[in-house]
Amino acid sequence: MLREEDPPLPIAPSAWLTIAMMALLFLFGCAVGSHLNVCIWRLPRGLSTGDPARSICPHCRHPIRWYDNIPLVSFFVLGRRCRDCGAPISWRYPVVEGLTGALFALIYLRQGVQAGTDVGQIAVMMVVVSVLIVASGIDLEFLIIPDEISVFGIIGGLLAGLLLPQLHVGVESYHTYEGLTRSANLDGLIASAIGALGGGGLIFVLAIVGYLIFRQEALGFGDVKLMAMVGAFFGWKVVLVAFFFSPFLGMLYGLPLLLGKDEHIMPYGPFLAMGTAFALVFRTELCSFLEPLEQLARLLTG
Ligand SMILES: [Zn+2]
């Protein structure tokens with residue numbers, strides 16, 4: 001507490017540090033996003049993500065010069081066209097780069113600075129957000145989410161639960177379990193497994209309900225595995241929050257298509273991914289809404 005005679009605090013010097021860190025993380029995220037674009041293009045085509053190491057133009061296959069491969073900037077400098085063949089460059093490139101940068105900066109601000117989340121969890125959030133961006137980019141184009149992403153993601157989530165149990169175990173509202181065994185790491189692994197089964201199971205049940213109501217597949221098994229991955233990393237609550245917000249995000253994309261009476265199969269993975277990113281940035285606040293549900297569960301299970 002400040003006492004009367006204390007001099008007023010200057011604008012906290014840490015505010016400048018926060019802004020500088022956000023700017024750095026934005027630039028870092030843009031660079032990561034540039035690589036995510038490579039993964040979005042190469043993974044579904046069965047190509048190695050590391051070979052060739054240099055990016056190539058998808059149209060003329062000419063290697064892209066380093067000064068034409070600057071995230072966000074090059075797209076506009078080149079006038080949205082390949083320097084060699086003049087083929088248009090997809091808007092996906094700057095969107096993925098800018099989105100990755102913005103999410104990295106936001107996660108740092110909301111989780112690192114404001115919620116006091118530790119560095120390990122923030123790093124995991126940034127990795128998972130990156131994975132979700134790749135899954136979304138592929139789903140938008142091919143209407144599939146490759147198992148290389150979701151199945152390895154579930155395994156990665158279980159490992160993260162074991163090695164970073166603070167993702168699941170503790171007193172914060174987003175935590176699901178306080179302590180099941182005498183080992184925090186074991187608790188983390190168990191909570192992660194429950195998150196994978198609970199999160200994946202939730203989407204699975206909703207997929208079946210959706211199919212029975214609409215008589216067409218709204219959610220696929222790829223979505224189930226994707227959210228099992230999210231549950232393994234962050235617990236079932238984040239999955240539930242993400243699922244709750246995803247239809248609102250989906251409507252922004254789907255309504256114009258519906259109004260245009262354009263029969264269109266809509267990938268749902270990107271909206272689950274957006275819901276997840278939203279749930280991660282505001283994790284504490286959003287998950288605390290689920291507290292009454294949890295108390296009810298405790299009452300019922302004694
Ligand atoms: Zn080209």
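**Entry 1: burial and helix 7**

I call a residue buried if 20 or more other C-beta atoms lie within 10 Å of its own. With that cut-off in hand I turned to helix 7, and I found that 13 of its 14 residues are buried, so by this definition the helix is mostly covered. I kept in mind that this is a predicted model.

Next I checked the length of helix 7, which covers residues 221-234. At 1.5 Å a residue, its 14 residues should span 20 Å, and I found the end C-alpha atoms 20 Å apart, which agrees.

**Entry 2: the whole chain**

I then stepped back to look at the secondary structure.

Along the principal axes, the C-alpha atoms fill a box of roughly 65 × 65 × 40 Å.

For burial over the whole chain, I noted that 38% of the 302 residues are buried. For contacts, I took those with a separation of 6 or more, and 69% of them are between residues 24 or more positions apart.

**Entry 3: two domains**

How is the chain divided? I found domain 1 at 14-114 and domain 2 at 144-302. Their centres, taken over C-alpha atoms, are 27 Å apart. Where the domains meet, seven residues of domain 1 are in contact with seven residues of domain 2. On the domain 1 side I sorted the touching residues by class: five are nonpolar, one is polar and one is charged.

**Entry 4: the core**

Last, I went looking for the largest nonpolar core, and it has 70 residues. Among those with the most contacts inside this core are V129, V134 and A135, along with M227, V230 and F233. Which helix gives the most to this core? I found that it is helix 4 (residues 119-142), with 11 residues. Domain 1 and domain 2 both give residues to the core, so it lies between them.

Leaving aside its neighbours within four places in sequence, I found A135 in contact with I145, I149, L226, G269 and A273.

Notes. Residues numbered from 1 in each chain as written. Predicted model: local features only at pLDDT ≥ 70, side-chain atom pairs only at ≥ 80, totals over all residues. Domains from an automatic or database assignment. Contact = placed C-beta atoms within 7 Å. Nonpolar A, V, L, I, M, F, W, Y, C, P; charged D, E, K, R; others polar. Helix = DSSP H or I, 4+ residues; strand = E, 2+ residues; numbered from the N terminus. Expected span 1.5 Å × (residues − 1). Buried ≥ 20, exposed ≤ 12 C-beta atoms within 10 Å, placed from the backbone. Core = buried A, V, L, I, M, F, W, Y, C linked by C-beta atoms within 7 Å.
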